[in-house]
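I opened this entry to keep track of what I looked up. The notes follow the order in which I checked things.

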Amino acid sequence: MKTIIEPFRIKSVEPLRRTTLEERERVLQKAGYNLFELRAADILIDLLTDSGTSAMSTNQWAAMMRGDESYAGSESFFRLKAVVDELTGFRHMIPTHQGRAAERILFTVMCRPGHVVPSNTHFDTTRANIEFTGARAVDLPMPEAADTQARLRFKGNMDVAALEKLIDGEDANNVPLVMLTVTNNSGGGQPVSMANIRAVRDVASRHGIPLYLDACRFAENAWFIQQEEPGFERLTPKQVAQAMFSCTDGCTFSAKKDAFANIGGLLCTNDDLIAEKERELLILTEGFPTYGGLAGRDLEAIAVGLEEVLQPDYLEYRIASTRYLGRHIADHGVPIVEPPGGHAIYIDAGRMLPHIPKHQFPGQSLAVELYRHAGVRSVEIGSVMFGEHAPHELLRLAIPRRVYTQSHIDYLVEAILEVNARKDKLRGFRIVSEPKTLRHFTARFEPM
């Protein structure tokens with residue numbers, strides 16, 4: 001049959017609260033028009049992030065009951081380690097309380113002022129943790145990614161020629177590692193091909209530079225490779241994922257994405273000396289190396305989630321559902337980053353709202369209006385988040401895993417198309433207060 005259904009059934013439900021237009025206008029003003037500042041109880045459909053917002057399975061909840069809460073040597077740690085070892089092949093697996101904790105430890109150990117860390121596209125916390133050490137984060141997306149409307153496979157690839165040029169222009173000792181984000185979140189949720197992973201590995205290896213994956217959405221990336229890259233169609237998603245990890249020297253991982261967990265992260269490496277330094281810092285700030293800031297029950301949930309996320313039925317449904325949303329709004333005139341990615345749809349707000357200049361934040365304007373109109377929370381990925389260096393003005397609709405049904409997606413399509421029908425009436429915003437770093441989390445705005 002052609003219809004792809006959710007490969008699960010609902011066992012427990014959580015009520016949603018509908019708000020009125022007047023209520024939404026009032027809470028927007030109180031929040032300074034920053035959707036991060038809204039209370040979850042005031043949200044109807046929450047697409048702010050797919051991080052930590054997944055619905056866990058019955059097997060995950062059952063596994064949590066056997067969580068070993070021993071401070072050191074927890075059996076839950078060893079069960080998780082066995083799963084990670086089989087999947088990634090890395091010699092060292094260090095648990096952390098979430099992905100950005102893994103990033104902080106990695107870059108604190110490996111980076112110093114004057115260093116340069118290239119990536120296909122760094123996400124916000126990755127960039128912030130690199131720059132906090134005094135190093136410089138450099139994005140090297142493939143040139144074709146500059147056109148949001150180009151329908152190309154593996155649009156998340158790194159520009160290998162640009163990587164070679166950057167390394168040749170630097171002392172190789174100033175490049176402590178190369179990062180590849182899979183899928184490429186800030187680049188529109190686009191996948192990275194195995195050919196590109198191998199090409200980046202070859203360049204890095206030739207210069208003696210380790211290659212790390214930002215592997216938050218490794219399973220979705222593996223599905224795109226298995227479906228769309230010649231030579232991998234007979235492999236399982238797990239086998240493709242294993243091949244991806246085998247090309248690299250380590251990874252950071254947020255278990256809040258492709259492990260269905262509500263908290264947790266991993267830091268992996270093949271370097272014994274680096275692992276020793278990372279564990280020392282982990283003990284100082286996170287906890288003992290066999291729990292890393294997590295409860296034993298969280299370790300159990302991650303172990304089960306890492307196996308469930310690679311099930312073909314789930315991945316087929318996940319990617320098809322995201323594509324359904326993207327195609328339905330794009331085919332009715334809403335410009336998205338083409339083609340639809342894995343975990344989110346990105347509306348090109350700069351193209352949709354050409355009357356709002358970049359310094360008035362068209363992505364933020366669209367985010368505010370979508371909430372005001374329909375109670376849907378999303379997030380700006382543009383000049384608010386990345387400042388004047390933002391390549392595009394995007395609005396991200398990140399879809400939590402196993403949470404919303406087809407009816408929710410249809411409601412979302414209807415809401416977006418209604419906002420699009422009166423897009424000329426939207427106004428820009430200006431920032432009235434902001435922190436020094438990661439301003440999008442707490443900045444306050446007012447309409448122009």
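Which residues does Thr 49 touch, not counting residues up to four places away in sequence? I found Arg 396, Ala 398 and Pro 400, where contact means heavy atoms within 4.5 Å.

Before going on I noted the basis: this is a predicted model, in which local features need pLDDT of at least 70, side-chain atom pairs count only at pLDDT 80 or more, and totals for chains, interfaces and linings use all residues. Residues are numbered from 1 along each chain as its sequence is written, and side-chain values use heavy atoms, with hydrogens and water left out.

**Thr 49.** I placed Thr 49 in the loop between strand E1 (45-46) and helix H2 (58-64). Helices (H or I, at least four residues) and strands (E, at least two) are DSSP runs, numbered from the N terminus. Thr 49 is partly exposed because its relative accessible area is 22%; buried means under 20%, exposed over 50%, and partly exposed in between (1.4 Å probe, protein chains only). The C-alpha atoms of Thr 49 and Ala 398 are 5.0 Å apart, although 349 residues separate them along the chain. I also saw the side chain of Thr 49 reach the backbone nitrogen of Ser 51 at 2.9 Å.

**Glu 103.** Next I looked at Glu 103, in helix H4 (residues 99-110). The side chain of Glu 103 does make a polar contact with the side chain of Asn 129, at 3.5 Å. For a polar contact, a pair of N or O atoms must lie within 3.5 Å; within protein, one must be able to donate a hydrogen and the other to accept it, and residues adjacent in sequence count only if both atoms are side-chain atoms.

**Cores.** How many residues does the largest nonpolar core have? I read 61, and Phe 218 and Met 244 are among those with the most contacts inside it. Such a core is a set of buried Ala, Val, Leu, Ile, Met, Phe, Trp, Tyr and Cys residues joined through side-chain atoms within 4.5 Å. Helix H8 (residues 218-228) gives the largest share of this core, six residues. A second, separate core has 45 residues, including Leu 47 and Phe 445.

**Strand E5.** I then checked strand E5 (residues 178-181), which is covered on both faces. Val 178 and Leu 180 are buried on one side, and Met 179 and Thr 181 on the other. E5 runs parallel to strand E6 (residues 211-214), joined by four bridges; two strands pair if DSSP finds at least two bridges between them. Met 179 stands opposite Tyr 212 in E6.

**Backbone.** Most residues other than glycine have a negative phi, and most peptide bonds are trans. Glu 338 counts as buried because its relative accessible area is 3%. Phe 260 has a positive phi, near 60 degrees, and is buried at 0% relative accessible area.
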